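Subject: Structure handover

Hello,

Here is the structure I promised you. Please open it alongside this note, and my findings follow below.

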Amino acid sequence: GLFAAYLPMSGTFWRPVPADCPSPPVSLTHLHGDADKVVPLTGRVIGPARQGDVAEVLRLYGETGSFGETEPFLLDDLHCYRRTNGRGNRLEFCLFRGGHNFRPAFIARAWQRFRDAGIIP
């Protein structure tokens with residue numbers, strides 16, 4: 001109940017990926033580079049730990065939050081996929097060209113889209 005939306009960039013859970021998400025779903029837009037070698041989309045081993053697979057995490061959140069079918073869309077230079085649920089929450093995944101880096105313009109654009117949709121004030 002503390003947050004209306006999340007905007008992770010180039011991250012994922014560590015394995016094992018949680019079996020469920022006990023909190024109610026909120027809107028989430030995940031931004032990730034298509035050539036990220038620090039946090040590859042399929043995860044990687046780091047010492048005794050392993051990063052999780054981004055698609056597996058998004059699938060889990062989508063099922064837990066009762067998000068519907070995946071709809072692809074383009075947002076300028078981002079290739080995105082959106083799912084919505086009956087509460088009006090959005091689950092979006094957007095790929096940008098490149099590796100593991102922070103893109104302030106992408107963050108600003110995503111927050112503005114949350115505002116435009118009335119998800120955040």
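With which residue does Arg113 form a salt bridge? The partner is Glu92, and the closest N and O atoms are 2.8 Å apart. Keep in mind that this is a predicted model.

Start with that pair. Arg113 sits in helix 2, while Glu92 belongs to strand 7, residues 90-96. The two are 21 residues apart, so this is a link between distant parts of the chain. Both ends are buried. Arg113 has a relative accessibility of 17%, so it falls under the 20% cut-off for buried. Glu92 has a relative accessible area of 1%. The pair also belongs to a network of salt bridges, which links Arg82, Arg90, Glu92 and Arg113.

Helix 2 has another contact to look at. Its residue Arg109 forms a salt bridge with Asp77, with 3.6 Å between the closest N and O atoms. Asp77 lies in the loop between strand 5 (71-75) and strand 6 (78-84), and Arg109 is in helix 2 (residues 104-116), so the bridge ties together parts that are 32 residues apart in sequence. Asp77 is partly exposed, at 45% relative accessible area.

Next, helix 1. Glu56 and Arg15 meet through their side chains in a salt bridge, at 3.3 Å from N to O. Glu56 is in helix 1 (residues 54-64). Arg15 is in the loop between strand 1 (5-6) and strand 2 (27-33). They are 41 residues apart, and the pair links distant parts of the chain. Glu56 is partly exposed at 28% relative accessibility. Arg15 is partly exposed too, with a relative accessible area of 39%.

How many salt bridges does a search of the whole structure find? The count is eight. The pairs described above are among them.

Gly86 is in the loop between strand 6 and strand 7. At 85% relative accessibility, Gly86 counts as exposed, because the cut-off for exposed is over 50%. Between Gly86 and Pro16, the C-alpha to C-alpha distance is 29 Å, and 70 residues separate them in sequence.

If you want a place to begin, go to Arg113 and Glu92, then follow the network to Arg82 and Arg90.

Best wishes

Technical notes:
Residues are numbered from 1 along each chain as its sequence is written. This is a predicted model: local features need pLDDT of at least 70, side-chain atom pairs count only at pLDDT 80 or more; totals for chains, interfaces and linings use all residues. Side-chain values use heavy atoms; hydrogens and water are left out. A salt bridge is a side-chain nitrogen of Lys or Arg within 4 Å of a carboxyl oxygen of Asp or Glu. Helices (H or I, at least four residues) and strands (E, at least two) are DSSP runs, numbered from the N terminus. Buried means under 20% relative accessible area, exposed over 50%, partly exposed in between (1.4 Å probe, protein chains only).
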